[in-house]
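Student: Please take me through this structure slowly, giving the general idea of each feature before the case at hand.

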Amino acid sequence: MLHRLSFAVADLERSAHFYDAALRSGSRDNGPAGLCPEYCEHYYAAFIIDPDGYRIEAVINTPA
């Protein structure tokens with residue numbers, strides 16, 4: 001079973017900070033912070049897999 005968690009961030013910069021901090025803390029890369037137009041026109045997110053195997057994303061989905 002895959003465990004996933006997504007949470008909203010206030011701006012693009014916080015998504016990138018989440019990603020950088022997670023990697024420094026032992027998480028694995030699952031997609032760097034960036035625009036994900038395959039999800040939605042304004043979907044910007046960063047994706048990691050934490051040390052316990054949880055897939056976590058920090059997302060903002062609003063027009064810039």
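**Starting from one serine**

Tutor: Ser15 has its place in helix α1, where helices (H or I, at least four residues) and strands (E, at least two) are DSSP runs, numbered from the N terminus. This is a predicted model, in which local features need pLDDT of at least 70 and side-chain atom pairs count only at pLDDT 80 or more, while totals for chains, interfaces and linings use all residues. Residues are numbered from 1 along each chain as its sequence is written, and side-chain values use heavy atoms, with hydrogens and water left out.

Student: How should I read the confidence of the model, and which element has the lowest mean pLDDT?

Tutor: Here pLDDT is the predictor's confidence in each residue, from 0 to 100. Where pLDDT is low, the predicted coordinates should not be read in detail. In this case the protein chain averages a pLDDT of 94, and 97% of the residues score at least 70. Among its elements, β1 has the lowest mean, 93, whereas strand β2 (residues 28-29) has the highest, 98.

Student: Which backbone atoms does the side chain of Ser15 reach?

Tutor: A polar contact is a pair of N or O atoms within 3.5 Å; within protein, one must be able to donate a hydrogen and the other to accept it, and residues adjacent in sequence count only if both atoms are side-chain atoms. The side chain of Ser15 reaches the backbone nitrogen of Ala46 at 3.2 Å and the backbone oxygen of Ala58 at 3.1 Å.

Student: Which residues make up the largest nonpolar core?

Tutor: In soluble globular proteins, nonpolar side chains tend to be buried together. A nonpolar core is a set of buried Ala, Val, Leu, Ile, Met, Phe, Trp, Tyr and Cys residues joined through side-chain atoms within 4.5 Å. The largest one here has 10 residues: Val9, Phe18, Tyr19, Ala22, Tyr44, Ala46, Ile48, Ile56, Ala58 and Ile60. The elements giving two or more residues to this core are α1, β4 and β5. Another core lies apart from it and has 5 residues, among them Cys36, Tyr43, Ala45 and Val59.

Student: How are aromatic rings read, and how many aromatic pairs are found?

Tutor: A pair of aromatic rings is described by the distance of the centres and the angle of the planes. Rings of Phe, Tyr and Trp (its six-membered ring) pair if their centres lie within 6.5 Å; planes under 30 degrees apart count as stacked, over 60 as edge-to-face and the rest as tilted. A search of the whole structure finds 3 aromatic pairs. The rings of Phe7 and Phe18 have centres 5.2 Å apart and planes at 85°, so this pair is edge-to-face. It links distant parts of the chain, since Phe7 lies in strand β1 (residues 4-8) and Phe18 in helix α1 (residues 12-24), 11 residues apart. Phe7, at 32% relative accessibility, counts as partly exposed, whereas Phe18, at 17%, counts as buried. Elsewhere, Tyr39, Tyr43 and Phe47 form one aromatic cluster.

Student: Finally, where is Asp50, and what does its side chain reach?

Tutor: Asp50 has its place in the loop between β4 and β5, and its side chain reaches the backbone nitrogen of Tyr54 at 2.8 Å. Asp50 is buried, with a relative accessible area of 15%.

Technical notes:
Buried < 20%, exposed > 50% of the residue type's maximum accessible area, 1.4 Å probe, protein only.
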